[in-house]
4 protein chains.
Amino acid sequence: MLLKNRVYQVLSGESTNRLSRVVSLCLVALILLNVLAVMAESVTWISQSYGTWLVGFEWVSVSIFTVEYLLRFWACTSLPQYRAPIAGRLHYVFTPLALVDLLAILPTLLMWGGVDLRILRVLRLTRMLRLAKLGRYSKAIQTLGQVVRLKHEELVLSLVLMLFMLVVASSLMFMVENQQQPEAFSSIPATMWWTVMTLTTVGYGDVFPITTSGKFLASGIAVLGIGLFALPAGLVASAFVELRGLQQTHLATCPHCGKNLDTAPGIPESEC
Amino acid sequence: MLLKNRVYQVLSGESTNRLSRVVSLCLVALILLNVLAVMAESVTWISQSYGTWLVGFEWVSVSIFTVEYLLRFWACTSLPQYRAPIAGRLHYVFTPLALVDLLAILPTLLMWGGVDLRILRVLRLTRMLRLAKLGRYSKAIQTLGQVVRLKHEELVLSLVLMLFMLVVASSLMFMVENQQQPEAFSSIPATMWWTVMTLTTVGYGDVFPITTSGKFLASGIAVLGIGLFALPAGLVASAFVELRGLQQTHLATCPHCGKNLDTAPGIPESEC
Amino acid sequence: MLLKNRVYQVLSGESTNRLSRVVSLCLVALILLNVLAVMAESVTWISQSYGTWLVGFEWVSVSIFTVEYLLRFWACTSLPQYRAPIAGRLHYVFTPLALVDLLAILPTLLMWGGVDLRILRVLRLTRMLRLAKLGRYSKAIQTLGQVVRLKHEELVLSLVLMLFMLVVASSLMFMVENQQQPEAFSSIPATMWWTVMTLTTVGYGDVFPITTSGKFLASGIAVLGIGLFALPAGLVASAFVELRGLQQTHLATCPHCGKNLDTAPGIPESEC
Amino acid sequence: MLLKNRVYQVLSGESTNRLSRVVSLCLVALILLNVLAVMAESVTWISQSYGTWLVGFEWVSVSIFTVEYLLRFWACTSLPQYRAPIAGRLHYVFTPLALVDLLAILPTLLMWGGVDLRILRVLRLTRMLRLAKLGRYSKAIQTLGQVVRLKHEELVLSLVLMLFMLVVASSLMFMVENQQQPEAFSSIPATMWWTVMTLTTVGYGDVFPITTSGKFLASGIAVLGIGLFALPAGLVASAFVELRGLQQTHLATCPHCGKNLDTAPGIPESEC
């Protein structure tokens, strides 16, 4: 029991204990090295020259991650909410972080278990999922999660508007340009590629209108539509600034009664 | 009379009644399916393989939308402002939403009525107008409408400034590049295509200056003009954030003492 | 004397008098028509088919503008600051608006006076200066002027930073790419074309790095530099919003004493 | 001793003394001329026609900068923190500004001292480091430094998120496009070039997806990712505005009663 709690504390990464911090750092380093290894493997000459090293490193990494997964699985009962030996562990297995841990090793384990190698190519890249394991440690990813949660409604609303703009603009451009450029503007869904790349202002230049009416329409769409497609960027930026502000000024008090505005508002008015 | 009120309530979509919500959902689904159908029809192989299905679906859709339109026309007198049987209905027919409803079915109805098929191509896409019927249900579109209304003046002002910039920049570039590239910079209106695509930072690369003075001028125009063309995007984003703020904070009261945090702060603390 | 004041009032455009508003509207319309005429003249087929009409229109326009200029010159002494018949008028002639009025007609007048026609091409476009005459009437242009004045210091500062970034980035890219692409990256000044078009995110694609180190460097420059080149856009947008806010909320009062914060602050504290 | 203090004061540029300001101005002008000279030298025809002049100018510049460096080295003991004749001067030599001063002349001095000329090409551009000497005089560069310091944490956080996005997006695109375009999307690191140029919206058009799934994925990446890559621009702009605000409004008091407008508003009106 004591050992299990110890293991839990070390792996949780929240303890200020020295061993715990060393283990966390090593795991983060291992994850980053795995990401680098997947990237390196995609380069032909590295893959050919150092292929066996990379396979060996994969072998070692998956072994460590498997041990980590099993230890977490065993030690999770230290937490009150997973206390029940079987029900608790089953519950734990389906938490997002545990699922990510499993998915990050499952493909390689399955391959070792003799599963058909034809889907190997895709399997290789599922290893990139190990990046998601960093979610446990990275403040940046947690901040992004908070940003999305904070502006959830606005982001959905602007995505709906962008979809609208996309359908309308693509239909109009298809109508105008299809006859002159039957290849590039072959259908409304095909025209959407042009629309997205124009409204995000990327503008590769692989597709663009050539008729006068098409250029006129495209100019109008660009001037009016770019604002819509810039909305998510604006929302993320403002949420980011807002969030950092909240984290730094969590002493916001009511100017009338001087109480903290962030605490639970269940207190009756008479107490004020 | 009772039936008419019932029909009105069901179609209005504002009632919390179950039937009303089911009808609204079905109509929204039908509109979205219609949009998908128009998009699918523009793809050659879908149009060839499933053409008859799409025609049939159009037949069904227009029938339903016609019934919807007639029911709304009949039931609108339930509302106080359209109470008069004839004058009220005439008044209703010319409201924006009723006009959109009519325009979304009129082309197909006319075609069925034997109107010349040569403008069929354009007619097909007017069916996209059915998207506008969503305006009755979509919060996103209503928000966009509010944003435009909120920043109406600023948007007009920035459009005027953009037009100014457009004319000035195009004249200058035409003057500088016309001799070297008589095709791409053939006239001031033709040069505007370059100007819009540069100042919105899309930059397809189909037209760009090649003379040294042209590049110099284009750099200056880009550095100074992009700010102007980014104004609408900035205005829409700030109006969007503002608007959502207004909707969410009309309860800006202290959770402890219940007082409004925005009121005049001259009240002495003892009153709290 | 009375007539002169009347003429001044009518031309100033500030009077609410009916004649004054009609004259202002006519002058604005004439200016806009002139801009359209210059644009139309640049299109070959219009210039060939309707050339004589355009010359006639130019003749009429310049006559009207000359009369306008002379009337303003004569009537300006109605204003206290230009009261002196000679010194006042001389002073008036060198005000920005009067200079613009003169420059907008001078080229055509000179041409009529028999000045060499070889610089005719450039002369034609100086007629676009007539747009600047709109500055007297357009709220949009005046707003832009205020925006520039409000953020004067920040704009200069960011232009200096952009110049810095431009020199540093161009030097580095020249060093890295010059050997592989001696044409496109032929010198540091030539490389600046690439730098401006990348940092403004226009990206025509006429020039881009092809070496690995060049791509690496360009990625870094893009990620770090785009923020700098987006500064003027951000400043203009924020100044625009700020300015409109100032115009709408000019009732900002001190929450302590309730007095208007915009009035002259020379009042001694005892009065408060 | 008096002379040394005098020299220090003149070179520091902080004294309001006339000589000091003239010396500062001359040094700034010399730095700017050096930057122009390096840029001019990169242009072949200037380098060929005026090469000897440029070499001469370099000779003069480095001489002046060497004298400046030696004078600063000698006079730095005027400052209390570098008072000790040897330890103080050693300490001074390793301050950032002193290092920049040294690095800006060292390459040319080494070359004169007979060091191998094969790395001459790179050496030439290290002269651009002289721009950094402007840091001592330029308000713009100091402001940029403050901006970076003010938003240090947010900038690091957003760079981490961008790196994340970069790795994930590149892996996905590599998986989807590699088979169709083995050249452009040859490996994950190579795909990053596409990712950076798309997410910054530069979009040269040298690399873009051609498969349907690739275009679909790229559209999604563009819509979701551009917000992240626009974060630094937003942070820099908001920090810039914030910083200028701080510098200008540290007098936020009511001009009537002189009280601070930001203090607790609990004070009753009678006190005002």
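A salt bridge is a side-chain nitrogen of Lys or Arg within 4 Å of a carboxyl oxygen of Asp or Glu. The views below are drawn from a predicted model.

**View 1. The salt bridge between A:Lys139 and D:Glu153.** The side chains of A:Lys139 and D:Glu153 meet at 3.4 Å, taken from N to O. Between chain A and chain D the count is one salt bridge. Five residue pairs, with both residues at pLDDT 80 or more, are in polar contact across this interface.

**View 2. The side of chain A that touches chain D, by element.** Two or more residues each come from helices H2 (18-41), H6 (120-126), H8 (139-150), H9 (152-177), H10 (188-199) and H12 (231-248) of chain A. H12(A) gives the most, with seven residues. By residue class, this side of chain A divides into 25 nonpolar, six polar and four charged residues.

**View 3. The area buried between chain A and chain D.** In this interface, 35 residues of chain A are in contact with 42 residues of chain D. The buried area is about 3300 Å², and carbon and sulfur atoms give 77% of this value. A:Trp193, A:Tyr204 and A:Phe240 supply 20% of the area that chain A buries against chain D, more than any other three residues.

**View 4. A:Ser20 in helix H2 of chain A.** A:Ser20 has a relative accessible area of 0% and is therefore buried, the limit for this class being under 20%. The side chain of A:Ser20 reaches the backbone oxygen of A:Gln9 at 3.5 Å.

Methods
Residues are numbered from 1 along each chain as its sequence is written. Chains are lettered from A and ligands numbered from 1 in the order in which they are written. This is a predicted model: local features need pLDDT of at least 70, side-chain atom pairs count only at pLDDT 80 or more; totals for chains, interfaces and linings use all residues. Side-chain values use heavy atoms; hydrogens and water are left out. Contact means heavy atoms within 4.5 Å. Buried area is the accessible area (1.4 Å probe) that two parts lose on being put together, summed over both. A polar contact is a pair of N or O atoms within 3.5 Å; within protein, one must be able to donate a hydrogen and the other to accept it, and residues adjacent in sequence count only if both atoms are side-chain atoms. Helices (H or I, at least four residues) and strands (E, at least two) are DSSP runs, numbered from the N terminus. Ala, Val, Leu, Ile, Met, Phe, Trp, Tyr, Cys and Pro count as nonpolar, Asp, Glu, Lys and Arg as charged, and the others, Gly among them, as polar. Buried means under 20% relative accessible area, exposed over 50%, partly exposed in between (1.4 Å probe, protein chains only).
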